[in-house]
Amino acid sequence: MINFDRVRTMIQKEWAEMFKNRVVLFTVVLMPVLFTALPIIMLSVMGSSTTTSAASASDIPAQFARTCGNMNASDCMQVYLVNEFLLLYLIMPVMIPITIAAYSIVGEKATHSLEPLLATPITTEELLLGKGLAAVIPAVVATIGAFAIFLIVLPLTGASAGVRQYIAGPTWLLAILLVGPLMSIAAVNFAIFVSSRTTDPRVAEQVSAILILPVLLVLFSQIAGVITINVPSVLIASVVLIAADIALVMLGSRLFQRETILTRWK
Amino acid sequence: MIHTERLTKTFNVNKKLAPFTAVDGLTIDVQEGEVFGFLGPNGAGKTTTMRMLTSLIGITTGKAVVNGFEVGKDDQKIRQTVGILTETPGMYDRLSAEMNLSIYARLYGVQNPSAVVEKYLRMLNLWDRREDEVGEFSKGMRQKLAIARALLHEPRVLFLDEPTSGLDPEASHLVRDFISELKTEGRTIFLCTHNLDEADRLCDRIAIFKTHLITVDTPEALRKLLFGRRVAFHLKNVRDQFAVLVRSMPFVKDARIIDDTLVVGLDHPEDENPQIIRSLVEAGAEVQFVGELRHSLEDVYLQLIQEQRS
């Protein structure tokens, strides 16, 4: 039976520490700001240019062009380019929790605060849930918040109604509201897994960052025209991520054995 | 309060190597309200024993019951009802002293945590520094805070691992005084320490341990067991004939002159001293003063560890 008071205490403790850690705070604040500014700047530049979009329309992969439906070539090109930025919004829910989790778990190990913590009545499930949520919630909030700002600013960039409709449509919403949180959960559990093998939070962070590779793979695959990010592909990614999350949660819990942590994590 | 029966812990360090035994067949009984010293050299298995008794790690074989709860079966209840001071305080350096204690008070489910936190911060003279980050605290202040953390949920059994390790004499004195206070409150204290003087002052009984239990008794009984009781007679005019005279008395085990002092081995000096003094005075000795020679606990410890090695 999970005691949610203890989980809440863990989350509050993690956040209290997080807001005092400049490295973590920098990542949580800077990344959303940067990743929101980039597509806004790009759309503003494209909106003020009348020739670029049309001239490059022939560069759109045929598979993606089908996604555009009744859009004109210029709008389709904008959607194609902006769609690459969707992946930035999927990097955020991976990088932010990895940074937080790397410091919260390996950091706790490095400062020897894990032993007195494990000596309290907190169960392993409560501990992992508290630490996990403390890392996932800021990442999801930052991603959704950044996306909301992007949507609010979007009309000011000169993006057409078709482009705005596409960005506020099911592909982006499903990706940000479903795939993002699922990726955050995977990232936290992967960070716990990596933490069991490292002693330095920075090493844990860097090794855990390997989880960005699948996102980058999707990005380059879309540029190469191998895959198209649309509702079916987002749903398939969600199913895969749910399976990965279950596997990683089980692996994380299995590796987070109190005895192993106290006697072998050096 | 704490009972162990053939408690054993082995670790499988490497698949190729045989398991390493850290604790081998430990059987002890610690009574309620007792301060029980657990002494041993580095790597003897003291911390492993403490971790087993606080349900931080499992038992390989044997049995341990703490505060009425069995290790391995009632781990959650054990963690809820015992307090532990780990060898390294492990505080959250970026958080304030008050926040550090408040987190633990809530994890232990303490009713009215802010009042309890205030009580202990005031008790340990840290109330004025409650909003300061613990990272700015001295080692002694951190140790005091860690002791307060172990007490927030008012445990009847306390496990203290090296409570004065690395502290300056003043801070050590302060921590020792605080432990003495806890003793008067009737709490059971299991004290792992390298500081033999501290163990001598604080403990009702001590166990000397190196993977397995070497001996357990009161510090006085251990002194007596190893060295017997010796009384020093300071005479103004010490002469060999006085030693011969004393040695001839039937209850005297040994009598020698060491540094102008007549040192006599006795079983019951309370009864035998007056007879010796009378005989010495009758023989012309001028007795200035008489006192019992006490071996330090360090002598006892070193003797036992050496015997163990040989």
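Let's start inside chain B: setting aside neighbours within four places in sequence, B:Val246 is in contact with B:Val252, B:Ala255, B:Leu262, B:Val264 and B:Ile276, contact being C-beta atoms, placed from the backbone, within 7 Å. This is a predicted model, where local features need pLDDT of at least 70, side-chain atom pairs count only at pLDDT 80 or more, and totals for chains, interfaces and linings use all residues. Residues are numbered from 1 along each chain as its sequence is written, while chains are lettered from A and ligands numbered from 1 in the order in which they are written.

B:Val246 sits in helix H9 (residues 240-247) of chain B; helices here are DSSP runs of H or I, at least four residues, numbered from the N terminus. Because B:Val246 has 23 C-beta neighbours inside 10 Å, it counts as buried (20 or more other C-beta atoms within 10 Å; 12 or fewer is exposed, and in between is partly exposed).

Now for the nonpolar cores, each a set of buried Ala, Val, Leu, Ile, Met, Phe, Trp, Tyr and Cys residues joined through C-beta atoms within 7 Å. The largest has 144 residues, of which A:Met92, A:Ala191, B:Phe190, B:Leu191 and B:Ala207 touch the most other members. Its largest share, 20 residues, comes from H5(A). Apart from this core lies another, of nine residues, including B:Phe242, B:Val246, B:Val264 and B:Ala285.

Follow H5(A) next. The axes of helix H5 (residues 73-110) and helix H11 (residues 212-223) of chain A come within 10 Å and cross at roughly 175°; axes are lines fitted to C-alpha atoms over the stretch in contact, with angles from 0 to 180 degrees between N-to-C directions. The pair is therefore roughly antiparallel, a label for angles over 145 degrees. Among the residues making the contact are A:Leu87 and A:Ile91 of H5(A) and A:Val215 and A:Leu219 of H11(A). By class, the contact has nine nonpolar residues, one polar and one charged (nonpolar: Ala, Val, Leu, Ile, Met, Phe, Trp, Tyr, Cys and Pro; charged: Asp, Glu, Lys and Arg; polar: the others, Gly among them).

Finally, look between the chains, where 22 residues of chain A are in contact with 25 residues of chain B. On the chain A side, H1(A) gives the most, with six residues. That side has seven nonpolar, seven polar and eight charged residues.

Conventions
Two residues are in contact if their C-beta atoms, placed from the backbone, lie within 7 Å. Helices (H or I, at least four residues) and strands (E, at least two) are DSSP runs, numbered from the N terminus. Angles under 35 degrees count as roughly parallel, over 145 as roughly antiparallel, 65 to 115 as roughly perpendicular and the rest as oblique.
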